[in-house]
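Here is a short briefing on one protein chain. Please look over its sequence and model before reading on.

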Amino acid sequence: MGGFPLDPELAAFYSRCGGASFASDIYLLRVNDEEEQLEEKAQWWREEWQDRVGVPLLIFGGVASLAYYFATVPGLTDAHGRQPVVQVDTYRLDGPSLLPLASSVDRFFDTYSRYLEELVAHEDFKDQGAAALNFPWKVPHLLARDARLVQLIREGHFDPFLPGLEGRAWVAQVLAAHDLLA
């Protein structure tokens, strides 16, 4: 896909489903005989943003009606071909920033489903909806459960792409939450 291998977990998902949306907040790009959004978005990313980020990404989904995207990072592929997942924020004036979300696509789905469980149980959910608990900023403890992601963060793989002091503070929360789990 765009010169990079497609993550095997993402490939397995696409072999079963042509696309998806979850809780009306996030979507996965469509891939079927009529629409090839995944390849189109990969090409768009390369042409518009790749040079500004400086790391190859494969955009596979995003947040509905917003310019936040979910992508795999082919350059951090593990021995099984799995690629970490990041959230790409293209709103920043100084260029896109990345937040590490999961060590693999499967872990991303797991973390997001745990987030949804916490969201609907949140005391303000009835009044505020998804605004009651922002993903991923307000749930660093959920990301801390992913040991490989924590390892990648500790090794500094995402440091150049974090959104300034805010991103570094959030990563520190993820690491602190992981240390509490140990």
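The chain exposes about 9,300 Å², and carbon and sulfur atoms supply 50% of that area. Accessible areas come from the Shrake-Rupley method with a 1.4 Å probe, and for residues only the protein chains shown count as cover. This is a predicted model: local features need pLDDT of at least 70, side-chain atom pairs count only at pLDDT 80 or more, and totals for chains, interfaces and linings use all residues. Residues are numbered from 1 along each chain as its sequence is written, and side-chain values use heavy atoms, with hydrogens and water left out.

**Overall build**
- The chain has eight helices and six strands. Helices (H or I, at least four residues) and strands (E, at least two) are DSSP runs, numbered from the N terminus.
- From the N terminus, the order is α-β-β-α-α-β-β-β-β-α-α-α-α-α.
- Of the 182 residues, 45% are buried. Buried means under 20% relative accessible area, exposed over 50%, and partly exposed in between (1.4 Å probe, protein chains only).
- Among contacts with a separation of 6 or more, 52% link residues 24 or more positions apart. A contact means heavy atoms within 4.5 Å.

- Five of the five residues of β5 are buried.
- Val85, Gln87 and Asp89 lie on one side, Val86 and Val88 on the other.
- In a regular strand, side chains alternate between the two faces of the sheet.
- β4 (residues 68-72) pairs antiparallel with β5 over five bridges. Two strands pair if DSSP finds at least two bridges between them.
- β6 also runs antiparallel to β5, joined by five bridges.
- Aspartate 89 is the bridge partner of tyrosine 68 and stands opposite serine 97 in β6.

- Aspartate 94 sits in the loop between β5 (85-89) and β6 (97-102).
- Aspartate 94 is exposed, with a relative accessible area of 62%.
- Arginine 52 is 42 residues from aspartate 94 in sequence, and their C-alpha atoms are 9.1 Å apart.

**Largest pocket**
- The largest pocket has a volume of about 410 Å³.
- Of its 22 lining residues, Val63, Tyr68, Gln87, Asn134 and Phe135 are the closest to its centre.
- A pocket is an open set of points on a 1 Å grid over the protein atoms alone, where a 1.4 Å probe fits, with protein on both sides within 12 Å along at least five of seven lines; lining residues have an atom within 4 Å of a point.
- β5, β6 and α4 (105-121) each give two or more residues to the lining.
- β6 supplies the largest share, three residues.

Note on methods
Points joined across faces, edges and corners; volume = space filled by probe spheres on them.
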